[in-house]
Amino acid sequence: MINRLSIKDSVIHVHVAESSLKTTKNFTHGSLVFDLKASTVTFGKLPPVAAPEGLALAEGTELNFQLVAPNGTLSKQTRSGVLKASEKQPDILRIVGMSKTQRKFPAEEGWGYAIYKYRAYFSHPGLNTNAELPEWLKLSITRQKAFWNRLAWLCREARLKCSPVPTKEIINFVQSTILPEIDAFNIALGRSRGKMKHPAKLKIEMPGLDGLWNFAGELRTRTKKGRAVPAGLLDKVVDFSKKFKADYAPFNEFLDNFMVITKREAATLALRHFEIRPLISAFNAVLDRRKSTKVPWSEGWPLIKYPDSPKAANWGLHYNFRKAGVNSTDLESGKGIPGLSFGPRLNPSDTGHNQLKGVAAKRILREAQISISGDNDEPWTFRFGVLQHRPLPPNSHLKEWKLIFQGGALWLCLVVELQRSVPVPGLHTAGLDIGWRRAEDVLRFGTLYEPVTKTFRTLTVNLQKSPNDHKDRVPFSIDLGPSRWEKRNAIQLLPDWKPDDPIPSAFETRSALQVRRDIFKETAKNQLREHLGERLPAWFNRAGRHGLLQLAEEFKDDGITCEILNVWQQKDEQLGKLVSMYFDRSAKRIAYGHAQVAHDVCRYLQQKCITRLIVEASFLAIVSKHQKTEDSVALKRSQKYRHFVAVGKFVAVLKNTAIKYGITVDTVKAANTTRICQYCNALNPRAEKEEFTCNRCGKQINQDQNAAVNLSRFGSDTVLAEMALHAADVWPTNLREPQASRNTPGEHAVRFSRTGK
């Protein structure tokens, strides 16, 4: 309870009779009401106290407050605010409390969320940490998992009540009708690849009536695609399902009473306040994701976390801040935030990080401590280490912190709300043409055009340059040359490699590993042809890995056949693990390179004051469509480059990165971008080579650069883009495509000359 107010050095001291959480909350978060007529001040919901003498009050005056403990010492709680007059009550002045502030800052002004994920350590040289989890944290993890499992089980029970079909009746229908007809259908097909699998969800989970309708939809989909289905099975499933009508009242009742259920279950398990809210938010997020993705009724529900599941060891400790959050600079400065505090920065020589160079040398290692009020006001603490690879942004608001143990590693995630620059519509629009083309030691996967200086930038993958030093990195390029790991394991990857030979690139190594695997398979097949002869089945010549495994079952009594297949299987599994490990490493390097190139593109456009970038929409769909229709040798050869570069993933990374720079990435449905001349708008025929000559103006044109320029033009002129999309119908008569024979791309053209584009 507040006792009195006094003024000292222009600061209003708020004296309390006794310390309590209620008094502190009303002081820090409550609204302050000054009654000029009664000369009183009201803090939140506390009783009014007399205003101090000599205090001049007027609209716009800034006041500073300091909380004073009962023994006269200054507390750490302070507050400041600006007085605002009330329109209806002229004798009332107010300072708005925390409860009246915005919960989320407006997105129109550039505010948005960002996650800063830091690596954390249970123990580290130079740090004084807890090597093991404290007992209170172990009990908290157990309570959270039990709470989640209880909600997931109640949700499942509510869903099962929606189906009016008894479980026994579904089991009898599946076992007596669906499974026998599928087995008979597969036996009749023999060795054909058009076999059907058993509906696992109906067979194991028994989701009810909606599961039957889902299976009926799968049968209709197979029919539309021209694939065979058991005769009459669809009609039987539909007739059986039409006898019943689902009743969703039990599940709707569960959703309506969800908050009541959570309070009851939380009280039963004695959950703390910081454990309840994150679990409820995560549970609701799973339910909301089902609505946005439109998944079938039997999929996407919150799952029960069993102790023997693969992710059973994962756990998390979340702490949310209400209202507008807290200032993130309090955490960086060492002042601390509720529940979490950072220690001072440690000397790299004390932690073993003095040998780090380049960007890694800027990382900060410091101690962190979690301190939460537990039972009987007993502090629950846990000390660990945090490695900060980047500082928190200034003028940001910390909304939530999470301590997560995932995949055997400890992470600290900080959710902040920060303000980014708002994209301002500019006069210029850049264009980015996405494609892939092999040129000497690089793979080109994009061409960027910026109209300010009318220059081009090529996005490439360098297959020879090793990414050892970040200082030597070339912008707009992904360095994918041989790394130290590949040089160390060159003999294991490629037994035919000799020390005098050059280190193969990542792309060449991936191709060589696949070729080795195919050689082992063909060697085993040749040995089987010599041994079995005419006893081999008719499908043996086109058999793959699964076919050889099936052959081992059929000739399991033949000792020589089993020996041949066992030797092949051992080599194949050993090489398969090596291929998988190498593919994962190269995929991570490509993903990291995508992020680097995306930042290069955004920084370059930001320097040119360009806030809009145009990328062609649905390009990969166009490629897949024409791959089936044209049967181009060059296109089939180029698919390996498309999978290697992963241009679709790069566009997704670029869109997310552009938000941080205030750049808008738009997609335009355009076609013929490589064929329409950027100078005279003539629609040229498909070109076999990378460069071609315009049939109208006679200028030499590069396909990639021409596409980038046209995308930039189409972004500014929607009418021109619409004409390009339907060039065969609405393009001007004098600009129609000349009546020339369609050229098939040559064997060495590894980039798709886009049809109708």
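1. A residue is called buried when its relative accessible area is under 20%, exposed when it is over 50%, and partly exposed in between (1.4 Å probe, protein chains only). On these terms C609 is exposed, with a relative accessible area of 65%, whereas C602 is buried, at 2%. A disulfide is a pair of cysteine sulfur atoms within 2.5 Å, and a search of the whole structure finds zero of them.

2. This is a predicted model, in which local features need pLDDT of at least 70 and side-chain atom pairs count only at pLDDT 80 or more, while totals for chains, interfaces and linings use all residues. Residues are numbered from 1 along each chain as its sequence is written, and side-chain values use heavy atoms, with hydrogens and water left out.

3. The chain has 757 residues, of which 45% count as buried. Its secondary structure comes to 22 helices and 25 strands. Helices (H or I, at least four residues) and strands (E, at least two) are DSSP runs, numbered from the N terminus. Contact means heavy atoms within 4.5 Å. Among the contacts in the chain with a separation of 6 or more, 65% are between residues 24 or more positions apart.

4. Two strands pair if DSSP finds at least two bridges between them. In general, strands of a sheet pair through backbone hydrogen bonds, either parallel or antiparallel.

5. Two bridges join β5 to β4 (residues 40-43) in the antiparallel sense, and V41 stands opposite V49 in β5. Strand β3 (residues 32-35) runs antiparallel to β9 (residues 92-95), with four bridges between them; R94 in β9 is the bridge partner of V33. Between β8 and β9 the pairing is antiparallel over two bridges, and A85 stands opposite L93 in β9. A hairpin of six residues leads from β8 to β9.

6. Helix α6 (residues 233-242) has L233, V237, V238, F240 and S241 buried. Seen down the axis of α6, these buried residues fall within an arc of 165°, so they line one face of the helix. The arc is that of the directions from the helix axis to the C-beta atoms. The face turned away from the buried side of α6 carries D235 and K242, which are exposed. As background, an α-helix has 3.6 residues a turn, so residues three or four places apart point the same way.

7. Helix α15 (residues 545-554) and helix α16 (residues 559-607) have axes that come within 11 Å and cross at roughly 145°. Axes are lines fitted to C-alpha atoms, for helices over the stretch in contact, and angles run from 0 to 180 degrees between N-to-C directions. The crossing is left-handed, meaning that the near helix is turned anticlockwise from the far one by less than a right angle (clockwise would be right-handed). On the α15 side R545, L548, L549, L551 and A552 take part, and they meet L565, W568, Q569, D572 and E573 in α16.

8. L269 belongs to helix α8 (residues 258-269) and is partly exposed, with a relative accessible area of 28%. What is L269 in contact with, leaving aside its neighbours within four places in sequence? The residues are R143, A146 and F147. L269 and A146 are 123 residues apart along the chain, and their C-alpha atoms are separated by 7.9 Å.
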